[in-house]
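Please read them with the structure open.

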Amino acid sequence: VQLQASGGGLVQAGGSLRLSCAYSGPGTIFSVNVMGWYRQAPGKQRELVARIITGGNTNYADSVKGRFTISRDNAKNTVYLQMNSLKPEDTGVYYCNANFWGGVARGDYWGQGTLVTVSS
């Protein structure tokens, strides 16, 4: 399994960014049970930002609800994180995660991370 994250950058508070995570591995992205975005701010632990589960259900951290949207394009094997109304506290390295509940690929896989910096 390989995950290639992109789309990070420097943006002013109130701005928007869209992160992309390209998946390659067993089957298609549709076969991944949970695709998620995590972030790690300087000096803090990695935290879940948003995830999309088989069937299409989504979960968001309280801090990003109403501002961020996670989506999945099965044809492109890509997961997106649309981030609007960005705040300085959204700054961090964003990691893409793929989780398989079973099968030969069972477990967690991580992308390399993409840096998001929100200036005030």
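**Notes on selected side chains**

1. Tryptophan 110 has a relative accessibility of 38%, so this residue counts as partly exposed. The model is a predicted one.

2. A search of the whole structure gives 2 aromatic pairs. Tyrosine 38 belongs to strand E4 (residues 34-40) and tryptophan 110 to strand E10 (residues 107-110), so their pairing ties together parts that are 72 residues apart in sequence. Tyrosine 38 counts as partly exposed because its relative accessibility is 21%, and the cut-off for buried is under 20%.

3. Phenylalanine 100 and tyrosine 109 also form an aromatic pair, again edge-to-face, at 5.9 Å centre to centre and 90° between the planes. Phenylalanine 100 is buried, at 7% relative accessibility, whereas tyrosine 109 is partly exposed, with a relative accessible area of 23%.

4. Which ring faces does arginine 46 lie over? One is the face of tyrosine 95, where arginine 46 is at 3.7 Å from the ring centre. Another is the face of tryptophan 110, at 4.6 Å from the ring centre.

5. Is serine 20 buried or exposed? Its relative accessibility is 16%, so serine 20 counts as buried. Serine 20 is placed in strand E3 (residues 17-24). Leaving aside residues up to four places away in sequence, serine 20 touches Gln4, Ala5, Ser6, Trp37, Thr78, Val79 and Tyr80.

Definitions and conventions:
Residues are numbered from 1 along each chain as its sequence is written. This is a predicted model: local features need pLDDT of at least 70, side-chain atom pairs count only at pLDDT 80 or more; totals for chains, interfaces and linings use all residues. Side-chain values use heavy atoms; hydrogens and water are left out. Helices (H or I, at least four residues) and strands (E, at least two) are DSSP runs, numbered from the N terminus. Buried means under 20% relative accessible area, exposed over 50%, partly exposed in between (1.4 Å probe, protein chains only). Contact means heavy atoms within 4.5 Å. Rings of Phe, Tyr and Trp (its six-membered ring) pair if their centres lie within 6.5 Å; planes under 30 degrees apart count as stacked, over 60 as edge-to-face and the rest as tilted. A charge sits over a ring if NZ of Lys or CZ of Arg is within 6 Å of the ring centre and within 35 degrees of the ring normal.
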